[in-house]
Amino acid sequence: MDFRVFPGNYKSLKFISNYIKTVAKEAGFDEFTIYTIETAVDEACSNIIEHAYGGEDIGDIEIGYTDEPKQFTIIIKDHGHPFDPSSIPIPNLSSKLAERKANGLGLYMMHQWMDEINFQFSENSNILSMVKYKGN
Amino acid sequence: MEVEVVNFKRSSIVNVKGRIDSSTSPELLRKFNTLIDDGTYRIVFNMNEVTFISSAGLRVLITTQKKCKRHNRGELVLSSVPENILAALDLAGFLPLFKIYTTDIEAVGNF
């Protein structure tokens, strides 16, 4: 798998989105599905910069994909601190405005809009794979 | 992202073009804060040309709505919301928190 390397800063998000939109379109997804994939990837990369690296321009983000007949898989690698998804609170989406936190929304959106999400952590890299099924 | 603010006597319309992500959302928050600091609490956010909103952008909406509604002094309302953006607002459970209008005229008329 070929990986595209992007500097780990928020300015990269636009370029990462353009890349993802192009490859998701080539995979045959409709416009709304492409938007959901764009969102999941944007949230994942924002989390990497904020949590894994703890700031901008600390390390790179590597993005690759596989396009198979039944599913499209995006792989996102970083070399920051392992990120424990279970440490992120599940947002309360029905609380009143005054109590609304909006934290944890990114991870929630990734889970809602992708079909499979898997985090793998090793000594020097974190690997996130996100799968979108085709033909739904 | 480009931000344009149109001021009226009793309200302001904020037009945004482009992406609202972790890179651009701080600037949008600053624009909203400037309006609020200047005493404008009735704000219409025209989202017609917003192409993307991430959770960072959604946080700006919540923060701004809380400030506008303080002491019942005003409200942040949305207008011309594209379908993809509406789906994101719905997924995040934001629909009960924001009035959504088809046009700016309807939105301003609400105030």
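Let me start with the sheet in chain B: five strands form an open sheet in the order 1-2-3-4-5, and the pairing is mixed. Strands here are DSSP runs of E of at least two residues, helices are runs of H or I of at least four, and both are numbered from the N terminus; two strands pair if DSSP finds at least two bridges between them. Strand 1 and strand 5 (100-101) of chain B stand at the edges with a single partner strand each, so one side of each has no neighbour in the sheet.

Before I go on, the conventions. This is a predicted model, in which local features need pLDDT of at least 70 and side-chain atom pairs count only at pLDDT 80 or more, while totals for chains, interfaces and linings use all residues. Residues are numbered from 1 along each chain as its sequence is written, chains are lettered from A and ligands numbered from 1 in the order in which they are written, and side-chain values use heavy atoms, with hydrogens and water left out.

Back to the strands. Strand 1 (residues 2-7) of chain B runs antiparallel to strand 2 of chain B, with six bridges joining them. The hairpin between strand 1 and strand 2 of chain B has four residues, and Asn7(B) stands opposite Ser12(B) in strand 2.

Strand 2 (residues 12-20) of chain B has seven of its nine residues buried, meaning under 20% relative accessible area with a 1.4 Å probe, protein chains only. With strand 3 (residues 42-53) of chain B, strand 2 pairs in the parallel sense over eight bridges. Val14(B) has Phe45(B) as its bridge partner in strand 3, and Ile20(B) stands opposite Ile53(B).

Now chain A, helix 2. Helix 2 of chain A is largely enclosed by the rest of the structure, because 18 of the 22 residues are buried. Just after helix 2 of chain A, Gly54(A) takes a positive phi of about 70°.

Last, the interface. Chain B contributes 24 residues to the contact and chain A 26, counting heavy atoms within 4.5 Å. About 2,100 Å² is buried between chain B and chain A, 63% of it from carbon and sulfur atoms; that is accessible area (1.4 Å probe) lost on putting the two parts together, summed over both. Arg19(B), Asn84(B) and Leu91(B) supply 28% of the area that chain B buries against chain A, more than any other three residues.

Notes: Buried means under 20% relative accessible area, exposed over 50%, partly exposed in between (1.4 Å probe, protein chains only).
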